Amino acid sequence: MASFDILVLPGDGIGPEVTSEGVRALEAIGERFEHVFNFSEDIVGGAAIDAHGEAIRDETIEAAKASDAVLFGAVGGPKWSDPNAPVRPEQGLLRLRLELGLWANLRPVKPDPELSSASALKPEILEGVDMLFIRELTSGAYFGKPQERRVVDGKRAAVDTIYYHEDEVARIAHLGFRLARQRRNKVTSVDKANVLESSRLWREIVDEVRPEYPDVEFETLLVDAAAMHLLRRPSDFDVVISTNMFGDILTDEASMLTGSLGMLPSASVGDFGDNGTGLGMYEPIHGSAPDIAGQGIANPLGMILCVAELLRFSCGLEDEAQAIEAAVASAIADGLRTADLAAPGDPSLGTIEMADEVIRRIGERV
Ligand code: IPM
Ligand code: MG
């Protein structure tokens, strides 16, 4: 019987509502497959600012490092969004990514054909869409220094820095090519090499890594063109590798192919051990959604699909991961919808009811 330590960081907004459903889904897997998941919980983001004056405490980082995986809800909200505030909820998330060494963020985008009516795109464009975004997560514009305010000629100015080191690019490229081999064997690299020096380095390093994977089809796109092609020919993409900021933007765009931001999981991972697994942090990409927080209507499926990624990448439990994905697909196939997915005027399930349906299917081995 395998046992895993999971740190649960629900965070703000709808974070706590969806995270508790993720925990229940993991417990259901534990029961069916006879694994033990030991949960501990802490606060992060706005909740931690209110309680401790900082977005995450050192002891929370230490607890995360000591665990097998972190299940993360969402952080932020209007209460803490004053741009001049010295502490911001997002700092908790960024510190976790950096200090846990989670340099790659994997965001699968595979629209369920059953949900094509929820997407703004035509069903024929969505046919066959199955991509995996790999976003660089611990460098680039998010962490480059200097990042500061300045006073220039008595007026306000600000600077951010996009920094990349060749090793940071190379490891993303290798991961992209390796994962492509397990999928449809194609990598698209996205940069802005016609303008940015950091992108010219990105392209140079990816070109150096490529010959090691001659069997993998490859294309490179400028980010503006990539944004267009994602909507024009989304089924052409398989693995997409990109920088921290371009990846952030393009994955929100790509999520619209699935009909709802509420459906998308993400896995943040770093160096894996010899057994192919390692510490990871799993968070739905939807964010804290303050407009619907506390109403019990948030879609828990993004979080429940995060649990599948957690089982896959941090526990090495592929059958268990697929059991979760099958249960979610079955609930969708049976016509069950949360408010974000339902057609206007159609009935919808709340967060807990939707999770109940998935959990029942995990138990029934659908
Ligand atoms: C994401 C989010 C975060 C990011 C925010 C909350 C800092 O948008 O995970 O995509 O920009 O990375
Ligand atoms: Mg984002």
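Biologist: What makes the pair formed by Asp 248 and ligand 1 a polar contact?

Modeller: In this predicted model, a polar side-chain atom of Asp 248 lies 2.9 Å from an oxygen atom of ligand 1, and because a polar contact is a pair of N or O atoms within 3.5 Å, the pair qualifies. Tyr 142 likewise places a polar side-chain atom 2.6 Å from an oxygen atom of ligand 1, and an N or O atom in the side chain of Arg 135 is 2.8 Å from an oxygen atom of the ligand.

Biologist: Which residues are around ligand 1?

Modeller: Glu 90, Leu 93, Arg 97, Arg 107, Arg 135, Tyr 142 and Asp 248 are the residues around ligand 1.

Biologist: Why are helices α1 and α10 called oblique to each other?

Modeller: The axes of α1 (residues 15-33) and α10 (residues 301-313) come within 8 Å and cross at roughly 45 degrees; angles under 35 degrees would count as roughly parallel and those from 65 to 115 as roughly perpendicular, and the two helices are therefore oblique. Their crossing is right-handed, and the contact is made by residues including Val 18, Ala 25 and Ile 29 of α1 and Met 303, Val 307 and Leu 311 of α10. The residues of this contact divide into nine nonpolar, two polar and one charged.

Conventions
Residues are numbered from 1 along each chain as its sequence is written. Chains are lettered from A and ligands numbered from 1 in the order in which they are written. This is a predicted model: local features need pLDDT of at least 70, side-chain atom pairs count only at pLDDT 80 or more; totals for chains, interfaces and linings use all residues. Side-chain values use heavy atoms; hydrogens and water are left out. Axes are lines fitted to C-alpha atoms, for helices over the stretch in contact, and angles run from 0 to 180 degrees between N-to-C directions. Helices (H or I, at least four residues) and strands (E, at least two) are DSSP runs, numbered from the N terminus. Angles under 35 degrees count as roughly parallel, over 145 as roughly antiparallel, 65 to 115 as roughly perpendicular and the rest as oblique. A crossing is left-handed if the near helix is turned anticlockwise from the far one by less than a right angle, and right-handed if clockwise. Contact means heavy atoms within 4.5 Å. Ala, Val, Leu, Ile, Met, Phe, Trp, Tyr, Cys and Pro count as nonpolar, Asp, Glu, Lys and Arg as charged, and the others, Gly among them, as polar. A residue is near a molecule or strand if one of its heavy atoms lies within 4 Å of it. A polar contact is a pair of N or O atoms within 3.5 Å; within protein, one must be able to donate a hydrogen and the other to accept it, and residues adjacent in sequence count only if both atoms are side-chain atoms.
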